[in-house]
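This report describes a set of local features computed from a single structural model. The sequence and the coordinates are shown first.

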Amino acid sequence: MVIRRRREDGTYPPRTRIPSVVEITAEFGIAAVTARKVHKDLRAEGLICTEPGLGSFVAERSKTAGGEPGK
């Protein structure tokens, strides 16, 4: 997944806003339902956190890295 790879390579460092569902839809030419699933999956993995009204941001540490999401 491109968003995950960008997070790992430092393109999206911790606390950086990631593209919205609308932006993902436009950039990759995918359906909105697919873009929403991308956000949902990344949140479930603890890789991003979403702040209502502000957007989604890269979590400082993921669940898989032993940290709490968003901390």
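## Basis of the model

The model is predicted: local features require pLDDT of at least 70, side-chain atom pairs count only at pLDDT 80 or more, and totals for chains, interfaces and linings use all residues. Residues are numbered from 1 along each chain as its sequence is written, and side-chain values use heavy atoms, with hydrogens and water left out.

Helices (H or I, at least four residues) and strands (E, at least two) are DSSP runs numbered from the N terminus. Helix 3 has 13 residues and reaches 18 Å from its first C-alpha to its last, close to the 18 Å expected at 1.5 Å a residue; the expected span is 1.5 Å times one less than the number of residues. Ala-35, Val-38, His-39 and Leu-42 are buried in this helix, where buried means under 20% relative accessible area, exposed over 50% and partly exposed in between (1.4 Å probe, protein chains only). Seen down the axis of helix 3, the buried residues fall within an arc of 90°, so they line one face of the helix; the arc is that of the directions from the helix axis to the C-beta atoms.

The buried residues of helix 3 pack against helix 1 (2-8), helix 2 (21-28), strand 1 (48-51) and strand 2 (55-58), contact meaning heavy atoms within 4.5 Å. On the other side of the helix, Val-33, Lys-40 and Ala-44 are exposed. Just after helix 3, Gly-46 takes a positive phi of about 75°.

## His-39

His-39 lies in helix 3 (residues 32-44) and counts as buried because its relative accessibility is 6%. Its side chain is joined to that of Ser-56 by a polar contact of 3.2 Å. A polar contact is a pair of N or O atoms within 3.5 Å; within protein, one must be able to donate a hydrogen and the other to accept it, and residues adjacent in sequence count only if both atoms are side-chain atoms. Not counting residues up to four places away in sequence, His-39 touches Ile-18, Pro-19, Ser-20, Val-21, Ile-24, Ile-48 and Ser-56.

Thr-25 is found in helix 2 and is partly exposed, at a relative accessible area of 23%. With residues up to four places away in sequence left out, Thr-25 touches Ile-30, Ala-31, Ala-32 and Ala-35.

Arg-15 is found in the loop between helix 1 and helix 2 and is exposed, with a relative accessible area of 62%. Phi of Arg-15 is near 70°, a positive value in a residue other than glycine. Most residues other than glycine have a negative phi.

## Salt bridges

A search of the whole structure finds five salt bridges, each defined as a side-chain nitrogen of Lys or Arg within 4 Å of a carboxyl oxygen of Asp or Glu. One of them joins the side chains of Glu-27 and Arg-6 (2.7 Å, N to O). Glu-27 lies in helix 2 and Arg-6 in helix 1, so the pair ties together parts that are 21 residues apart in sequence.

Another salt bridge links Arg-17 and Glu-23 (3.4 Å, N to O). Arg-17 is partly exposed at 39% relative accessibility, and Glu-23 is partly exposed at 36%.

Lys-37 and Asp-41 also meet in a salt bridge (2.7 Å, N to O). Because these residues are four apart in helix 3, about one helical turn separates them. Lys-37 is partly exposed at 48%, and Asp-41 is partly exposed at 25%.
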